[in-house]
Amino acid sequence: MPHVARLSIAPVKSLGLLHPDKVDLTEHGVAEDRRFYLIDGTGRLIDRLLIGRLVQVAAWTDPQATTLRLTFPDGRVVDGPVEAGDAVTTPMYGRSVEGHVVSGPFAEALTAFAGREVRLVRTDRPGGSRDHHPATLMSDGSLDRLGQHLGVGQVDGRRFRMLMELEGGVAHEEDGWIGRRVVIGEAELRISAPVPRCAITTQDPDTGERDLDTLRTIIDYRGLSNGTNVDFGVWGEVDVPGRIHLGDEVRLLD
C-alpha cells in the first residue's frame, strides 16, 4: 500500500508550506494548519489568487498559536507573541470564519511585501479556517499521470497543498477509497469525496507565478465532476484522531 512521503501544513493560509516529519491529526485537522489568514482593509480575504507571491513568505506557529514567526525571501524574520485584537467574521469560499485581528509587526511587514494593505487574523478554532474535511491526500501516481499529460515529467505536489502526499500509489488510486475507511499511523479516516481544485494549482509553489495549465489539463483527461468541479486528490474525515509520521502506510479497513 502507499505510504506517507510528505506532510504539508500552512500556518498562515496562502503563505509557504511547512513539512514536518509528523503531525497530530484531530477531528478539526492539524492545530497549526491554516490557523491564520489574511484580509484587506475592507475585511475581504486575501489569498494567492490575488497575490501569488505570498507563497514566498515562510511561517511557523506553535499548536496553541501563541507565537508566530514569518521569514521573508530576503532573510528578514519577524516574530513574536500573538496578541488578539478586534473580533472579525470573514466570508471564505461560501462559509464564514470567526477570528481576531492580530496586532504587532506582522501586518506591517506583510503589507510592505504585498504592496497593499494586509491584516492578519487568527482563527478562533484550532485547525484553522476549515469547518469540515480536515485532511487531504493524493498519490504520487496521480501526480505522475498529470505530468505525463502536461508533458513536463514530474509535477511538484506542493502546488496542490495537500496534508499528505503518498508514495507507491497508482494513478488516482485514492479515488477508489471514497466511501471507505483507512488507517494512517494512529489516525482513522473516512475518505469522503474528491477535492475540487482552483487556479492556485497553476502557480509555481516557490514563486507563486503561473507556470502550468493544470486545470485545463485535468479537465482534458479526467473531465468535470458535477459539471463544474476539477477534481484531484481526496478529502478525509477524522473518525479516530492520532499521530501520523512520514513513512506510515495507508491500510484499508473496508
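Where does Glu-108 lie? Glu-108 is part of helix α1. This is a predicted model.

Glu-108 is exposed. Its relative accessible area is 62%, and exposed means over 50%, so Glu-108 falls in that class. Along the chain, Glu-108 and Arg-119 are 11 residues apart. Their C-alpha atoms are separated by 8.1 Å.

Phe-113 lies in helix α1 too. Is Phe-113 buried or exposed? Phe-113 has 11% relative accessibility. Buried means under 20%, so Phe-113 counts as buried. Which residues does Phe-113 touch, leaving out those up to four places away in sequence? They are Arg-53, Leu-54, Gln-56, Val-57, Phe-72 and Pro-73. Take Leu-54 from that list. Phe-113 and Leu-54 are 59 residues apart along the chain, and 8.2 Å separates their C-alpha atoms.

## The nonpolar cores

How many residues does the largest nonpolar core have? It has 23. Inside this core, Val-12, Leu-15, Leu-38 and Leu-70 have the most contacts. Three elements each supply at least two of its residues: β4 (36–39), β7 (67–71) and α1 (106–114). Helix α1 gives the largest share of this core, 5 residues.

Another core lies apart from the largest one. This other core has 21 residues, including Val-4, Val-182, Ala-187 and Val-250.

Now back to Leu-70, one of the residues with the most contacts inside the largest core.

Helix α2 covers residues 140–150. Which of its residues are buried? They are Gly-141, Ser-142, Leu-143, Leu-146, Gly-147 and Leu-150. These buried residues pack against three strands, β12 (135–139), β13 (164–167) and β16 (231–240). They also pack against helix α3 (214–222).

## A stacked aromatic pair

How many aromatic pairs does a search of the whole structure find? The search finds 2. One of them joins Phe-160 and Phe-232. A pair of aromatic rings is described by the distance of the centres and the angle of the planes. For Phe-160 and Phe-232, the ring centres are 4.5 Å apart and the planes are at 15 degrees. Planes under 30 degrees apart count as stacked, so this pair is stacked.

The pair links distant parts of the chain, 72 residues apart. Phe-160 is in the loop between α2 and β13, while Phe-232 is in strand β16. Phe-160 is buried at 2% relative accessibility. Phe-232 is buried as well, with a relative accessible area of 0%.

## Two arginines with positive phi

Most residues other than glycine have a negative phi. Arg-34 has a positive phi, near 55 degrees. Arg-34 sits in the loop between β3 (29–30) and β4. At 12% relative accessibility, Arg-34 is buried.

Arg-161 also has a positive phi, near 55 degrees. Where does Arg-161 lie? Its place is the loop between α2 and β13. Arg-161 is buried, with 11% relative accessible area.

What is the volume of the largest pocket? It is about 800 Å³. The pocket is lined by 25 residues, and Lys-13, Tyr-93, Val-195, Pro-196 and Trp-235 are the closest to its centre. By class, its lining has 10 charged, 9 nonpolar and 6 polar residues.

The second largest pocket holds about 260 Å³ of space. Its lining has 16 residues. Lys-22, Val-23, Val-30, Glu-32 and Pro-63 are the closest to its centre. Which elements give two or more residues to this lining? They are β2 (22–26) and β6 (58–61). The largest share, 4 residues, comes from β2. By class, the lining of the second largest pocket divides into 9 nonpolar, 5 charged and 2 polar residues.

Notes. Residues numbered from 1 in each chain as written. Predicted model: local features only at pLDDT ≥ 70, side-chain atom pairs only at ≥ 80, totals over all residues. Heavy atoms only, no water. 1 Å grid on protein atoms, 1.4 Å probe; cavity = no way out; pocket = protein on both sides within 12 Å on 5 of 7 lines; lining within 4 Å. Points joined across faces, edges and corners; volume = space filled by probe spheres on them. Nonpolar A, V, L, I, M, F, W, Y, C, P; charged D, E, K, R; others polar. Buried < 20%, exposed > 50% of the residue type's maximum accessible area, 1.4 Å probe, protein only. Contact = heavy atoms within 4.5 Å. Core = buried A, V, L, I, M, F, W, Y, C linked by side-chain atoms within 4.5 Å. Phe/Tyr/Trp six-rings, centres within 6.5 Å; stacked < 30°, edge-to-face > 60°.
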